[in-house]
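Please open the model in your viewer and keep a selection panel at hand.

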Amino acid sequence: MTHSEPVDLAPTTKTVLTSGFRTSAVILTLTLALLAVGAGYGRLRFGSISAALDSLRGRLVHVDERDKSISGVRAGSQVVVSYALTNISERPVSLIGASSSCSCTVVQDPPMTLASSETGTVSVRISTSEDKPTLSGTIRLFTDEPRSPEIALKYTVRAAHSLATALRPEK
């Protein structure tokens, strides 16, 4: 009978690190796959990933861009800013009114009703002033939905710098 050397069954540091790396790689791969499937479903169901995120946030209406910025407007003129609104809920949502933070802003389109998956446009006419080269404001659209009674929108309008404005003495 031959006598053999005892086998050391304790894992080496290299074995433990390799095993941990494999586990982390598998978890990362599964996480990325789930994110890709979720993003694909969100895009397919809601039309865009940002609309899917709005749905996860509990919003019933997706807005193309909640904070609009317009530059190069002639001071003292009017500009129209449009917001595209998409109903991402399963039932109709009615816009029943609006208010703005400035009397220089007029919301033109409500009231309106958006069917499920329908997109509508709300236009806002903003009157700029010669005295104020930058104008910022907020608009609140009111819905008939108790779960999401208000949609907040923002805008910033910047006047173009003209030679006359640049040469005008400070008051």
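Leaving aside its neighbours within four places in sequence, which residues is S77 in contact with? Select S77 and then I126, S127 and T128, since these are the residues with which S77 is in contact once neighbours within four places are left aside, where contact means heavy atoms within 4.5 Å. What you are viewing is a predicted model, in which local features need pLDDT of at least 70 and side-chain atom pairs count only at pLDDT 80 or more, whereas totals for chains, interfaces and linings use all residues. Residues are numbered from 1 along each chain as its sequence is written, and side-chain values use heavy atoms, with hydrogens and water left out.

Staying with S77, you will find this residue in the loop between β2 (67-73) and β3; strands are DSSP runs of E with at least two residues, helices are runs of H or I with at least four, and both are numbered from the N terminus. Draw a distance between the C-alpha atoms of S77 and T128, and it comes to 5.5 Å, although the two residues are 51 residues apart along the chain. S77 counts as buried because its relative accessibility is 12%, buried being under 20% relative accessible area, exposed over 50% and partly exposed in between, with a 1.4 Å probe and protein chains only.

Now select Y83, L85, I126, L141 and Y155, which are the residues with the most contacts inside the largest nonpolar core, a set of 24 residues. Such a core consists of buried Ala, Val, Leu, Ile, Met, Phe, Trp, Tyr and Cys residues joined through side-chain atoms within 4.5 Å. Among the strands that each supply at least two residues of this core are β3 (78-87), β7 (119-127), β8 (134-143) and β9 (150-159).

The next stop is C102 and C104, which a disulfide joins with an S to S distance of 2.2 Å, the criterion being a pair of cysteine sulfur atoms within 2.5 Å. The link of C102 and C104 is right-handed, with 130° about the S-S bond, and both cysteines are buried.

Of the 171 residues of the chain, 30% count as buried.
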